[in-house]
Amino acid sequence: MERNTHKNGLVNLLIALGAGVAAFAAARYSHSLAGLVASVYLGLGALVAAVSWFQTRLEDRERLERLELDELTRSRTGSTLFEAKDAEAFPARRAREQFERFFVPIFTVLLCLIQAGGAYFLWRWLAKPGTAATLQEPMAGMFLFFLFALVLFMVGRFGATFARLRNQRLLRPSSSYLLLNALLCAVVAVGIILVQSGFPRADLYVAFVLCGLLGLVALETLVALVLEIYRPRVKGKIERPLYESRLVGLLGQPEGLITTAAQAIDYQFGFKVSETWFYKFFIQAVLWLAPLQLAVLVLSTCVVIIEPGEQGLLERFGKPAATGQPLNAGLHFKAPWPVDQVYRFRTEQIQSVQVGSVPEHDDHRETVVLWTVSHSREENFLVANRDSAALEQAGETGGKRTPPVSLLTVSIPVQFQITNLMDWAYRNEDAPALLQDLATREVVRYLAGVDMNHIMAGGRADASAELQKLIQRSANERALGARIISVGLQDLHPPVKVAPDYEKVISALHSKQAKILAAQADQIRTNSMSAAAAAAVLDQARAQRVATEVRAVSQAGLFTNQIPAYQAAPEVYRQRQYLETFARATGGARKYVLLTTNTHDVITFDLQESIARDMLNLNIAPAKTP
Amino acid sequence: MKKNPLTLAVGILLILIVGLLLFVFQVRQSEVAVVTTFGKATRPITDAGPHWKWPWPIQKVYKFDQRVQNFTEDKLTEGLTQDSFNLLTSVYVGWKITDPTAFFPRFAGGDDPIVEAERVLERTVANAKAAVVGQHPLSDFLSPGQHNQFAAIEEEILGIVRRDVQANDYGLEIEFLGIKKLGLPENVTQSVFERMTSERQVLISKSQFEGEAEAQKIRSEADRKAAETLANAEGQATQIRGKAEAEAAKYLAVFQQNPELANFIFRLNALEGSLKDRSILIFDQHTPPFDLFRGGFGAKPSTR
């Protein structure tokens with residue numbers, strides 16, 4: 001039995017080592033990142049297997065030493081030769097104890113560092129932009145990893161069963177690692193299948209998951225090391241190896257969980273559910289069900305359903321199908337993968353490529369799109385400027401001319417549809433990128449020959465139609481297999497830096513119009529007021545004329561009547577007329593009457609007071625209330 | 001160890017499949033391949049379908065996309081036109097692998113031979129482009145009225161690149177070449193912005209001053225018309241006043257009956273009229289009727 005244990009440990013070590021090297025080579029061969037990470041697990045498994053194998057050998061030696069001692073003790077009873085101290089009498093036991101006391105913890109620390117360091121550096125390496133690469137020979141890689149999984153599973157399963165049945169605890173860590181590695185190799189193979197099924201980053205994601213798992217295993221090892229310090233030591237008790245990972249054991253042998261669950265179900269139901277025929281059938285059928293599922297999976301690849309709006313290209317061993325026609329929407333049968341493969345394309349879907357500025361899709365959509373506010377990653381195109389060219393030619397003095405060029409920001413979505421799938425898929429490596437280049441070239445060429453003001457105004461619709469024609473012609477020349485549906489000049493304006501001045505021109509035009517209108521209003525007012533003033537002058541003159549005439553008539557009439565009165569009493573009449581007129585005329589005037597007789601006195605009048613008083617008499621209009 | 005026949009069968013099947021895969025490889029319609037024997041390219045494969053090979057490490061298969069690769073210069077490069085204008089240009093090139101055995105050894109050094117090939121093409125294209133741009137004036141690139149020489153320039157660059165590629169036997173062929181982008185250096189771009197702004201300023205000033213001039217014209221015309229209207233009105237008014245004087249003069253003969261009285265009355269009227277507004281009058285005691293203050297009841301009134 002000892003020899004078997006010993007041998008099984010060695011087999012585990014050799015298988016782990018061989019599978020590790022082979023997995024590394026297969027991963028390099030197929031450029032599988034997940035395979036490379038899995039080979040690190042295999043390397044760790046080989047390390048653990050080596051240590052456990054060495055520890056097994058030490059325990060075997062100790063057991064042999066004890067047997068020899070027992071035999072000698074029985075043959076030479078009472079001899080003092082074997083009554084020496086333990087250290088001298090049991091060198092193998094002492095070696096094993098020293099190994100467990102010093103080497104195992106140091107190795108476990110080292111293992112923890114390798115696991116943590118591996119997880120950290122692999123993660124960083126995977127996160128680098130250039131790490132992800134296209135798989136090479138994916139089918140070979142996939143089958144190789146399935147093969148590794150099978151071999152590791154068989155050997156690991158045997159080792160784990162043997163360890164459980166014979167109570168060989170030291171065989172358990174390496175067997176657990178072998179089973180976990182079998183699972184990881186299968187996962188790598190599934191990752192490669194996913195890549196082939198249209199999920200190109202599946203291999204990378206699997207690699208990341210394996211890295212994360214490695215980090216968890218490192219954390220568990222660290223926790224085990226910390227707990228080891230506080231663990232109570234009981235002499236004679238068989239202990240679990242410090243480097244044995246429970247997580248690895250659980251992942252490698254998940255049936256342990258099933259057994260525990262079955263026991264719990266038995267307890268809950270009150271009878272042995274785990275011993276019913278269905279349960280037993282299920283457990284036995286699992287081995288058959290897995291290959292059956294695989295077969296069903298392969299058979300399912302014989303049927304392909306092309307969705308509405310799609311077309312598919314059928315390839316047999318990489319060659320297009322003999323019909324030379326793409327598969328249309330509907331149900332189709334084909335040979336299983338990897339003999340036949342179908343590549344789908346959305347041929348009826350309206351697709352688009354963008355020329356020029358790429359509109360920014362932000363959450364806060366603006367309700368108004370202005371020239372003066374940047375709403376895209378601006379890309380300026382050179383555009384001819386006829387005004388500038390004419391200006392320069394007119395003012396040319398023989399020196400270097402300024403180029404008649406302006407800049408224009410354009411954002412042109414070119415919408416297209418695939419019309420010839422064979423051309424689209426097989427002629428060009430990246431047909432959408434080529435279409436974008438062709439469209440950009442036509443736009444650049446067109447703008448370089450068209451006047452800026454023309455295209456921004458009336459020539460816009462013509463430009464759209466012309467560009468569509470030009471791009472379609474270019475696409476046809478390159479046999480792109482696409483129909484250009486529309487070319488939208490949706491965002492065509494001067495660069496944001498200059499755009500405000502364009503708006504100012506419009507503002508100036510409005511200002512000009514406003515000034516003219518204001519002047520016209522003034523003109524109307526002036527003309528009206530002058531007409532009114534003229535009318536007033538004429539009316540005044542007419543009134544004066546009437547007044548003059550009437551006054552002349554009335555004065556003549558009065559005078560005719562005054563003559564008899566005057567002739568009757570000339571003096572009295574004159575005095576009366578004088579005094580009446582004096583009283584009327586001076587009634588409103590301020591009067592100073594000098595009664596002094598001393599004519600030599602200088603009389604001073606303070607007329608300021610009078611003026612001030614006059615000013616007090618002024619009527620001031622009340623202030624207007626707002 | 002109990003031998004499970006199913007497990008064994010699956011294992012054997014897997015080994016068979018892996019063995020088959022090690023000896024067979026598949027080339028797609030869109031691919032070409034090179035089989036190397038101990039690292040040396042020995043067999044080009046241009047037909048799609050399954051092909052045999054010895055397993056690794058004896059033979060190894062390198063596959064390349066045989067469709068037209070679209071290589072676009074990711075940056076604009078500056079050049080000088082024939083008339084010494086700085087111009088930025090970028091082009092795109094369509095190329096494909098025509099001879100995988102010639103292509104493989106020249107570009108298989110890096111991780112991706114296609115990228116390596118495009119790196120070499122980038123230099124070739126840059127040289128050809130610089131040479132051709134220098135032979136054309138700016139007007140061949142930019143000219144109002146669709147008179148630019150784009151197609152001719154592209155043909156010239158394409159010719160140089162093709163000659164270079166053929167001379168070096170890269171195992172690839174240039175299918176097409178096009179100018180993708182034209183630009184101006186940043187400093188020049190700023191100047192163009194300034195010029196465009198100035199052009200707008202010219203239009204702005206034109207509108208502003210045209211507006212002011214037009215407004216001034218309208219106002220002055222209105223003023224002129226107003227002055228004319230008033231002058232005409234004044235003239236008519238004068239005529240009316242003259243007629244009034246003529247009419248009034250007919251009654252002057254009445255006053256001639258007693259000129260002394262008439263003058264006295266006119267003077268009284270004038271006195272009354274002149275004292276209508278605010279006046280300050282200073283009288284002495286001799287002025288009637290203030291001579292009453294002297295006590296002279298029967299004093300002769302002054303007629304001054």
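Modeller: Among contacts in chain B between residues at least 6 apart in sequence, 68% join residues at least 24 apart; two residues are in contact if their C-beta atoms, placed from the backbone, lie within 7 Å. This is a predicted model, where local features need pLDDT of at least 70 and side-chain atom pairs count only at pLDDT 80 or more, while totals for chains, interfaces and linings use all residues. Residues are numbered from 1 along each chain as its sequence is written, and chains are lettered from A, with ligands numbered from 1, in the order in which they are written.

Colleague: Thanks! What makes up chain B in helices and strands?

Modeller: Chain B has seven helices and 10 strands. Both are DSSP runs numbered from the N terminus: helices are H or I with at least four residues, strands E with at least two. Buried residues account for 27% of the 304 residues in this chain.

Colleague: Why does A:Leu480 count as buried?

Modeller: The label buried takes 20 or more other C-beta atoms within 10 Å of the residue's own, exposed takes 12 or fewer, and partly exposed lies in between, with C-beta atoms placed from the backbone. A:Leu480 has 24 such neighbours, so it counts as buried. This residue sits in the loop between α15 (460-477) and β11 (482-487) of chain A. Leaving aside neighbours within four places in sequence, its contacts include A:Asp423, A:Trp424 and A:Ala475. A:Leu421 is 59 residues away in sequence, with 9.0 Å from C-alpha to C-alpha.

Colleague: Why are α17(A) and α7(B) called roughly parallel?

Modeller: Helix α17 (residues 570-586) of chain A and helix α7 (residues 259-274) of chain B pack at an angle of about 15 degrees, with axes 9 Å apart. Axes are lines fitted to C-alpha atoms, for helices over the stretch in contact, and angles run from 0 to 180 degrees between N-to-C directions. Angles under 35 degrees count as roughly parallel, over 145 as roughly antiparallel, 65 to 115 as roughly perpendicular and the rest as oblique. The two helices are therefore roughly parallel to each other. Residues making this contact include A:Tyr578 of α17(A) and B:Phe264 of α7(B).

Colleague: How do you know that β2 and β3 of chain B pair?

Modeller: Two strands pair if DSSP finds at least two bridges between them. Strand β2 (residues 31-37) of chain B and β3(B) have five bridges, in the antiparallel sense. One opposite pair here is B:Thr36 and B:Ala41. They belong to an open sheet of three strands, in the order β3-β2-β5, with antiparallel pairing. The edge strands β3 (40-45) and β5 (59-65) of chain B each pair on one side only.

Colleague: And what makes β2 and β3 of chain A a pair?

Modeller: Strand β2 (residues 311-316) of chain A and β3(A) share two bridges, in the antiparallel sense, and the rule asks for at least two. A:Arg316 stands opposite A:Lys319.

Colleague: Which strands pair between the chains?

Modeller: Strand β13 (residues 590-594) of chain A and strand β10 (residues 280-284) of chain B run parallel, joined by five bridges. There, A:Arg590 stands opposite B:Ile280.

Colleague: How many residues does each chain bring to the contact?

Modeller: Chain A brings 106 residues and chain B 112. On the side of chain A that touches chain B, helix α16 (residues 499-568) gives the most, with 39 residues.
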